[in-house]
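These are my notebook entries on a two-chain model. I record what I looked up and what each look-up returned.

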Amino acid sequence: MGKGKSDILQGTLALLVLKTLQQGPMHGWGITLRIHEISNEVLRVEEGSLYPALHRMEQDGWIAAEWGVSENNRRARYYRLTPAGRKQLAKEEANWHRLTHAVGLVLSVAGNQS
Amino acid sequence: MSWISRIWAFRHRDQLASEIDEELQYHLSRMEELKAREGMPREDARMAARRHFGNATLLKETIREIDVFTFCETVARDIRFAARMLAKHAGFTAMAVLALAVGIGVNTAVFTAYKAVLLQPLDGKNPGQLVNVFRTTSEDRYQQTFSYPDYEAYRDQNHVFSGVIATTGNEVALTGVESFVGSESSLGGGAAGAFGFRFPTVLHGGAEFVMAIIVSENYFQVLGTNAIRGRVFLPQDAHDLDAYPAVMISENYWQRRFHGDASILGRTVKLNGAAFTIIGITPHDFMGTNINVPEFWIPMRLRPLISGGAGTLHDRENNCCALFARLAPGISLPEAQAEMSLLADHLRTLHAPHSEGRKPLTISITPGSHLRPVNLSHDPGVVFAIFLIMGAVGLVLLIACANVASLQLARSAARQREMGVRLSLGASRLRIVRQLLTESALLGLLAGAVSMLMTWWTLRLLMVQIAASLPLEWGSLAVHVEPDLHVFAYVFGISLLAGILFGLAPALESSRPNLSSALKEEGGRFGLPLGNARLRDLMVGTQVAACLFLIIGASLLIRGSMRSLTVSPGYETKRVVGLDLNFPAGFGYTHAKTLAEARQFRDRIQSLPGVTSVAIGRPPNGGGLRTAAVGLNGSKPSTDKTARTLYYNYVTPGYLETLGIPLVLGRGFAADGSAAEATAILSESAAEELWPGKDPIGRTVVLDGTNQFHQRAELFPKGLSYQVIAVAGNTRASVPGGDDSRKVYLPLRADHLDEYPLLVRAEGDPKQLINALSKQVQQVDANVVVYCETLEDLLTSTPTFVVSRLAAIFASIIGGLGLVLACVGIYGTVSYAVVRRTREVGIRMALGASKGDVLRLVLRESSGPVGVGLVVGILAAVAAGRVLRALLFGMSPLDPVSFAGVGALFLLIAMLAAYLPARRATHVDPMVALRYE
């Protein structure tokens, strides 16, 4: 999208959403906002992929949704982590670390040789 | 979880759409807010937010699809895939469906029969409103009957029922119709005869016994049933009935006895000697509140005509009638119960002081049923029988499930590779388990459909057979075995359950993630994966054990019931005929007359050619057992329930000789009838019970039957002292538990000869005598009805025989089905194992193994689980044998024929089932096997 901002890597959206929800139930808008802020405005979640992903994860049983009242007193759909979602998060986190570590290794070795 | 939410989503599509809309709208508005806060004008902010959002409609559609369709689609895909897999392996599918259908079928049959017999609602309009009315006394005992005056009070004073009816049944003598063709031949036969049950021959002059139900005049009105011809009784008929006694006939009897003669209405028949006019015909199979279809319906007001003085309707202490009622609209069972109990409390005060009816009581109202639910739950025999039957059919279902599960397991080994590929392509284990379960459930449902057809067809056939083989006097059996929603739901339920039961273990087993080995298929080539093989062995073992258990049980029971007929019961059964005289009420019989006729019968029969001797007394195994409390050394017997008792039987002097019961000690009653009244003959076990190891002759025993069961006018010992003059051989017990061989014979007084059966000993085959006997009956009195049976046939109606024979029939059918299933199971699993090991066998043979080696190898491995199953089955059967001991007629519960014979036979069959496929392994060509795959 815009300059200086990265599209979210394929497959990491779920990880980011799960991680965000680990801090507590949140609605879709809040999730985009929080990811945006915490990543120092680097990561931006597109609505077009966020909502389908949320609903898919709900069907997979990783997160559960219910209607609540938002901070500005409007009805909003809140998502929260389920136990299955917690497990999934741990798995994806571990995967991610392994992957980045591996990528890091490759990069450092390649750097030393040059 | 998720599929529930999806189903929810699918059913609430509109609501879902608006929710998605709301969710996105919220997002949009927050974004707009943000942009506005960053300084954008409100209108621009909205536009920017919308632009940013892109195509909102498309997004909504996408989300909706995720919520709704994923589930339905995957399920449909699962089912389509499952159907394809089943069709592809048609052989496996057919075998599995058949095996399951048998298992489900016997369960369905039992459930249908149970429902038809026990859960059938009362026969009337809106049966849901009909209820049974009982009394409960303070001792927590149920009383089913009320007196007629009490009935009238309940009927007229309650506000909770729209109608209360009273009924009572009676066997009555029908005369005044032309004689019935063929009625003198023996009754029964057909299926019941083939299974060894015999029914008595009825010798009648002009009378025949029929079942009549006496009903209050509002009976048909309250039930809402109309006559198919003529009319029903009405409450306002009461007075006309006195002048013109009327009766209704059942359609079944009209067809059977009068061949549907249209002129039956208005005809006069004599019931117990009184004339009645037939005014109407009740519908086909109409049972009202009875368990079967009676022949006649008689209005309550005319009960005195049928039953004489005992039929009075004015005696408040004479409990005659069972009550049923129809609930008024909007009244619940507890409300009805409360009001009726209040009424009961008031009525109690009208009963005589100290009478039974004076005791405190409450009224119980239960949903309408032909049978008294009370009796069922309290009768240990019924509970035991239901337990036995449910256990047996449950076992068959278990065998069937284990059977299909083992096939499935064998097959899943073959599908290991498919599963491995799917797992490694990212399918979750859950997904695969779901797929496999879908397949199993589909199999189960297919089997359910097949079994449903099988069951109804068989049951219908069976019911026709049973109905045709019952004696006429028992009324017509009308059991409806038609399909209905309950049965359908039941079949559907157990089919699914069976599907899941047998599908779960293999599904879990074969979806175990073990990707690399599955892909390389190492596990599959040399032997089978260990866990899989173990599970399969378990399945085979279970089948063998359950099946062996059933068959040994069946064999024990069959041999027991056969033994009961062949082992000498201690007296002559083949050459002695028992004649039971019945003097129909209402024909003006006096005691003097019946006594004179009984003497006349005896004397005439005694002089018939071919008759050796005649005696009077109850046959040893003919029912009507009576006990008396015993006191020794001249002391009065104790009156409490723990008192020692003997079974007494009043007999004429020739009794022991006629029956061929040997005298062990002393001399019998003097043949001239001059026996002193106060003498008695003991059976050996009675003597042993009273004076173990001592000579009983000359000792005295006090007998008192006052507190024991007997009929009102019957002869019974009233605390007199008897001197023992002889000891006779034992006769076999006829009740389970067997203490009725402790007998004491007492001399029958000359003025009670008419109350006991005549026992006639023939020189040759007594069946030859029956015609001559019949002639004698007609000459003496055409109204008397005589039931005539050899004592051998009578043995088939002793409770122990009936129970053990019925149980044997049932257990054999079930056990036979189990055997077939188990064989199919063993055959199937061994075949699959052999196919899977083709390559291994090929290598072995290439390395020099002989055909015999291979055969031995395969057989040895399959005999392991069979052997374990045999041991477990035998152990279980030993335990069952102890429970069944009472039905085995002294046969050891460890009967070697049953155990060794059945065990060996079973082993042979199991090995044959394994041998056939194993032999195939030896025909493997090593070269082909090595190139396999």
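I take contact to mean heavy atoms within 4.5 Å. The model is predicted, so I note that local features need pLDDT of at least 70 and side-chain atom pairs pLDDT 80 or more, while totals for chains, interfaces and linings use all residues. Residues are numbered from 1 along each chain as its sequence is written, chains are lettered from A and ligands numbered from 1 in the order in which they are written, and side-chain values use heavy atoms, with hydrogens and water left out.

**Entry 1: Thr658(B)**

I looked up the surroundings of Thr658(B). Leaving aside residues up to four places away in sequence, Thr658(B) touches Val576(B), Ser613(B), Val614(B), Ala615(B), Leu759(B) and Arg761(B). I found Thr658(B) in helix α22 of chain B, residues 655-659; helices (H or I, at least four residues) and strands (E, at least two) are DSSP runs numbered from the N terminus. Its relative accessible area is 0%, so Thr658(B) is buried. For that word I use under 20% relative accessible area, with exposed over 50% and partly exposed in between (1.4 Å probe, protein chains only). The side chains of Thr658(B) and Ser613(B) make a polar contact at 3.0 Å. Such a contact is a pair of N or O atoms within 3.5 Å; within protein, one must be able to donate a hydrogen and the other to accept it, and residues adjacent in sequence count only if both atoms are side-chain atoms.

**Entry 2: the A-B interface**

I then turned to the two chains together. In this interface, 22 residues of chain A are in contact with 22 residues of chain B. The chains bury about 2200 Å² between them, 56% of it on carbon and sulfur atoms. Buried area here is the accessible area (1.4 Å probe) that two parts lose on being put together, summed over both. On the chain A side, Trp29(A), Tyr51(A) and Gln59(A) lose the most area to chain B, together 34% of what that side buries.

I counted three salt bridges between the chains, each a side-chain nitrogen of Lys or Arg within 4 Å of a carboxyl oxygen of Asp or Glu. Glu23(B) forms a salt bridge with Arg77(A), with the closest N and O atoms 3.7 Å apart. Between chain A and chain B, 10 residue pairs are in polar contact, both at pLDDT 80 or more. In chain A, α2 (28-38), α3 (47-60) and β3 (75-81) each supply at least two residues of the side that touches chain B. The most comes from α3(A), with seven residues.

**Entry 3: chain A**

I read four helices and three strands in chain A, in the order α-β-α-α-β-β-α along the sequence. Of its 114 residues, 40% are buried. Which residues of α1(A) are buried? I list Thr12(A), Leu13(A), Ala14(A), Leu15(A), Val17(A), Leu18(A), Thr20(A) and Leu21(A). Helix α1 of chain A (residues 12-21) is largely enclosed by the rest of the structure, because eight of its 10 residues are buried.

Where does Gly61(A) lie? I placed Gly61(A) in the loop between α3 and β2 (63-69) of chain A. Not counting residues up to four places away in sequence, Gly61(A) touches Thr82(A), Ala84(A) and Gly85(A). The C-alpha atoms of Gly61(A) and Thr82(A) are separated by 7.1 Å, although the two are 21 residues apart along the chain.
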